[in-house]
Amino acid sequence: MSEWTAADLPSFSGRTVIVTGANSGLGEVTARELARVGAKVILAVRSLERGEAAAAKMTGDVEVRSLDLQDLSSVREFADGIDNVDILVNNAGIMAVPYALTVDGFESQIGTNHLGHFALTNHLLPKITDRVVTVSSMMHLIGWISLKDLNWKARPYLAWPAYGQSKLANLLFTKELQRRLEAAGSTVRAVAAHPGYSATNLQGNTGNRFGTPIWVAGNKFFATTPEYGARQTLYAVANDIPGDSFVGPRYSMRGPTTAHAVRSPLARDAKTATALWDLSEQLTDTKFPL
């Protein structure tokens with residue numbers, strides 16, 4: 001693979017892209033680079049103040065709108081306010097945080113990283129013309145989907161396995177979404193990406209007084225830059241790759257970008273992907289709209 005970078009992005013003039021969690025980290029870089037090449041970029045953020053601060057550092061057509069993925073009413077309101085969009089980038093996420101519940105009673109990591117984006121995608125899908133890009137993680141390798149206890153109500157909560165479950169859910173969501181799109185005769189594609197190990201504020205906000213210092217040190221000495229991590233998402237946004245591709249560094253954490261990143265056998269399980277989709281529809285009261 002050649003060393004593809006954001007400098008290789010084509011013109012996105014006349015195209016609209018939504019990036020969730022675009023006020024910092026990978027999302028901010030993703031939004032900034034797409035705006036630089038002419039896209040109209042909607043920064044979908046929980047904090048309008050932080051979103052406006054991020055937008056002020058970007059050039060091009062940038063708009064900030066409120067979106068709280070931990071509140072399904074906010075997701076619905078955001079989607080209702082969108083007329084059309086070419087590309088949706090499901091980027092926002094939280095990582096290995098202490099146990100908490102969303103407004104709708106979901107465990108916060110599965111609620112934010114998967115269920116919020118699941119509902120957002122279904123609400124927006126009739127308006128999307130090109131693709132849905134969902135940011136997963138190599139930590140999906142430690143994930144296991146509990147269809148009977150997705151929200152950690154019956155088992156002791158463990159922050160890292162909960163994060164792994166949510167990132168595995170991202171890949172299964174992408175797999176099932178692509179299957180449904182093809183069955184519906186849609187030309188829209190669903191793809192996923194992972195950044196490798198990039199230094200962002202995600203690692204510094206785990207809420208774990210033991211784990212956070214370790215991640216902060218890792219960011220300083222081992223991690224790649226947010227620009228490198230966002231490169232994987234931008235590649236998934238811009239290149240002609242098959243549906244259900246998984247974009248990431250060739251060597252998991254570093255290296256040239258490839259559309260064939262390693263995914264676990266569980267992430268390839270079509271039966272679990274369908275079952276998770278059905279459960280997610282029940283929990284979010286949304287349906288595949290095509």
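At roughly what angle do the axes of helix H4 and helix H5 cross? The axes of H4 (residues 108–124) and H5 (residues 159–183) cross at roughly 20 degrees and come within 7 Å. H4 is therefore roughly parallel to H5, a label given to angles under 35 degrees. Axes here are lines fitted to C-alpha atoms, for helices over the stretch in contact, with angles from 0 to 180 degrees between N-to-C directions. Helices (H or I, at least four residues) and strands (E, at least two) are DSSP runs, numbered from the N terminus. On the H4 side the contact (heavy atoms within 4.5 Å) includes Ile110, His114 and Phe118, and on the H5 side it includes Tyr163, Asn170 and Phe173. The residues of this contact divide into eight nonpolar, seven polar and one charged.

A word on the source. This is a predicted model, in which local features need pLDDT of at least 70 and side-chain atom pairs count only at pLDDT 80 or more, while totals for chains, interfaces and linings use all residues. Residues are numbered from 1 along each chain as its sequence is written, and side-chain values use heavy atoms, with hydrogens and water left out.

I turn now to charged pairs. Side chains of opposite charge can pair when their charged atoms come close. Counting a salt bridge as a side-chain nitrogen of Lys or Arg within 4 Å of a carboxyl oxygen of Asp or Glu, the total comes to 18.

Which residue meets Glu3 in a salt bridge? The partner is Arg231, at 3.3 Å, N to O. Glu3 lies in the segment before strand S1 (16–20) and Arg231 in helix H7 (residues 226–238), so the pair links distant parts of the chain, 228 residues apart. Arg231 counts as buried because its relative accessibility is 15%, the limit for buried being under 20% relative accessible area (1.4 Å probe, protein chains only).

Within H5, Glu176 and Arg180 are four residues apart, which means that about one helical turn separates them. Their closest N and O atoms are 2.8 Å apart in a salt bridge, and both residues are buried. Glu176 and Arg180 also belong to a network of salt bridges with Arg179, Asp278, Glu281 and Lys287.

Finally, Asp244 and Arg263 form a salt bridge with closest N and O atoms 3.3 Å apart. Asp244 is in the loop between H7 and strand S7 (246–249), and Arg263 is in the loop between strand S8 (257–258) and helix H8 (270–284), so the pair ties together parts 19 residues apart in sequence. Both are buried.

Technical notes: Angles under 35 degrees count as roughly parallel, over 145 as roughly antiparallel, 65 to 115 as roughly perpendicular and the rest as oblique. Ala, Val, Leu, Ile, Met, Phe, Trp, Tyr, Cys and Pro count as nonpolar, Asp, Glu, Lys and Arg as charged, and the others, Gly among them, as polar. Buried means under 20% relative accessible area, exposed over 50%, partly exposed in between (1.4 Å probe, protein chains only).
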